[in-house]
Amino acid sequence: MGHAEAGSGHNLDCDIAILGGGLAGGLIALAVHRARPDIRLRLIDADSVLGGNHIWSFFEGDVDAAGMALIEPLITHRWADYEVRFPAHSRTLEMAYHSIRSDQFDSVLRETLPADAIQTGTRVTSASDDHVVLEDGREIAANAVIDCRGAGDLDALEGGWQKFVGLELELTAPHTLSRPIIMDATVDQIDGYRFVYSLPFGPQRIFVEDTYYSDGPELDAEQIEQRVLEYAKAQGWEVASIVHREKGVLPVVCNGAFGEYWRSTGAVPKAGVRAGLFHPLTGYSLPEAVRSALFIADHADLPGEPLHGRLFARAAQGWRDASFYRMLDAMMFYGADTANRYKILERFYRLKPALIARFYAGRSRATDKLRILSGKPPIPIRRGVGAILKNQRRKSGHK
């Protein structure tokens with residue numbers, strides 16, 4: 001790779017400038033540095049730390065062996081199996097589940113990357129595929145720029161929202177959980193499909209998150225935090241202190257104009273949620289963030305313009321491949337009333353573990369899709385068909 005000159009004739013400040021030090025941007029930096037330590041990186045984030053304030057969790061089946069090798073140093077908690085609870089049945093699935101904490105993410109990045117590769121506390125005001133302008137007026141010339149600074153224009157997408165508030169709790173006595181409960185839908189169904197998610201981090205330490213699949217993005221964090229504490233009390237857990245808080249609102253996509261979404265953040269190579277790379281139903285972005293990081297590491301010599309073309313083509317294909325999940329979202333949001341949305345997931349969790357694993361990884365086979373849709377439907381057939389037709393009409397309007 002030529003380090004001396006940019007296409008404009010100016011000296012290059014780096015080979016690849018990555019905007020945003022969250023999950024997508026940080027993984028790209030790790031993957032590129034591991035594969036090509038000769039590549040000069042610049043990882044730029046407006047915050048003082050990398051990764052923000054997050055706990056990312058994933059199923060081991062979400063990533064392949066190469067992906068696991070990349071993220072292995074980031075993992076802070078591991079379990080061999082997990083549990084789900086619904087009004088009609090509960091189940092333990094022997095599928096490994098892992099969590100990554102943002103403080104570990106920040107620590108590994110700083111230990112692994114060269115010191116001059118990380119630039120935190122720095123806001124970007126404008127970017128092109130080979131040039132970045134910072135808030136303080138400094139400019140960075142790069143062979144390629146990759147933008148990972150969160151979502152684009154969500155008005156270009158249509159559907160519902162997954163919103164959550166999580167508390168990490170220190171308890172006065174052991175909680176006795178030996179595995180995560182990733183979905184407890186036995187709780188009152190408020191504001192759409194609601195479930196509670198619990199991760200046992202230690203004998204007296206547990207992370208409890210209250211999650212909603214809702215029609216609107218409004219999030220009353222104080223009220224939901226109180227529900228988390230009420231849930232903990234109902235489980236017999238006495239809270240000594242709250243040691244960590246987290247909240248978020250993620251799009252759950254039924255349809256939309258993918259090209260418009262991509263263009264909303266300019267003609268810059270993109271990755272992560274900014275590139276539309278997240279599971280339409282779960283909002284999960286980690287599996288695709290890992291795949292994108294490995295893909296970019298394999299194309300690290302490309303200048304900005306051709307890299308933009310490769311990444312757009314890859315993301316657009318991913319959008320097309322995810323049409324089945326968007327159809328399921330339409331059935332949930334357009335076909336099921338808010339009090340009965342849980343029945344869709346309740347039925348899903350009676351299926352084979354391998355099918356469930358492929359679903360969360362966004363890798364469902366044709367036979368998986370037939371199995372998910374076959375049998376007695378969790379919502380009335382007429383409403384389900386009506387939801388699909390309604391979604392098709394909306395989809396046509398976005399073309």
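Helices here are DSSP runs of H or I with at least four residues, and they are numbered from the N terminus. One of them is α8, residues 323-335, and that is where Met331 sits. Keep in mind that everything below comes from a predicted model.

**The overall picture**

Let's start with the whole protein. It holds 12 helices and 16 strands. The radius of gyration is 22 Å, close to the 21 Å that the globule rule gives for 399 residues, so the protein is as compact as a globular protein of that length. Laid along its principal axes, the C-alpha trace spans about 65 × 55 × 35 Å.

How much of the protein is buried? Of the 399 residues, 55% count as buried. The accessible surface comes to about 17000 Å², and carbon and sulfur atoms own 50% of that. As for charge, there are 46 positive and 51 negative side chains, and the centres of those two sets lie 9 Å apart. Now look at contacts between residues at least 6 apart in sequence: 74% of them join residues at least 24 apart.

Strand β9 covers residues 124-127 and runs antiparallel to β10, residues 131-134, with three bridges between them. To get from β9 to β10, the chain makes a hairpin through three residues. If you want a spot to look at, Ser126 has Val133 of β10 as its bridge partner.

Further into the order you meet a parallel pair: β1 (residues 14-19) and β11 (residues 139-147) are joined by five bridges. Here Ala17 stands opposite Val145 in β11.

Strand β7 deserves a stop of its own. Five of its five residues, 97-101, are buried, so the strand is largely enclosed by the rest of the structure. In a regular strand the side chains alternate between the two faces of the sheet. In β7, Tyr97, Ser99 and Arg101 point one way, while His98 and Ile100 point the other way.

Which strands pair with β7? Strand β3 (residues 55-59) runs antiparallel to β7 and is joined to it by five bridges, and β4 (residues 75-79) also pairs with β7 in the antiparallel sense, over four bridges. Ser99 turns up in both pairings: it is the bridge partner of Ser57 and also of His77.

**Around the helices**

Cys254 is 77 residues away along the chain, yet the C-alpha atoms of Met331 and Cys254 are separated by 8.9 Å.

Next comes α10, residues 353-360, where Leu355, Ile356, Ala357, Phe359 and Tyr360 are buried. An α-helix has 3.6 residues a turn, so residues three or four places apart point the same way. Just after α10, Gly362 takes a positive phi of about 70°.

Then there is α11, residues 366-373, which contains Ile372. Is Ile372 buried or exposed? It counts as buried, at 10% relative accessibility. Leaving aside neighbours within four places in sequence, Ile372 is in contact with Phe324, Leu328, Arg347, Phe348, Leu351, Leu355 and Phe359. Two of those names, Leu355 and Phe359, are among the buried residues of α10. Arg314, on the other hand, is 58 residues from Ile372 in sequence and 26 Å from it in space, C-alpha to C-alpha.

**Two loop residues with positive phi**

Finally, have a look at the loops on either side of β13. Thr176 lies between β12 (157-171) and β13 (181-184), while Asp191 lies between β13 and β14 (193-202). Neither is a glycine, but Thr176 has a positive phi and so does Asp191. Thr176 is exposed, whereas Asp191 is partly exposed.

| Residue | Phi | Relative accessible area |
|---|---|---|
| Thr176 | near 75° | 71% |
| Asp191 | about 60° | 43% |

Methods
Residues numbered from 1 in each chain as written. Predicted model: local features only at pLDDT ≥ 70, side-chain atom pairs only at ≥ 80, totals over all residues. Heavy atoms only, no water. Rg over C-alpha atoms; globule rule 2.2 N^0.38 Å. Buried < 20%, exposed > 50% of the residue type's maximum accessible area, 1.4 Å probe, protein only. Contact = heavy atoms within 4.5 Å. Areas by Shrake-Rupley, 256 points an atom, 1.4 Å probe, with all protein chains shown as cover. Lys, Arg positive; Asp, Glu negative; His and termini not counted. Charge placed at Lys NZ, Arg CZ, Asp CG, Glu CD. Pairing = 2+ DSSP bridges.
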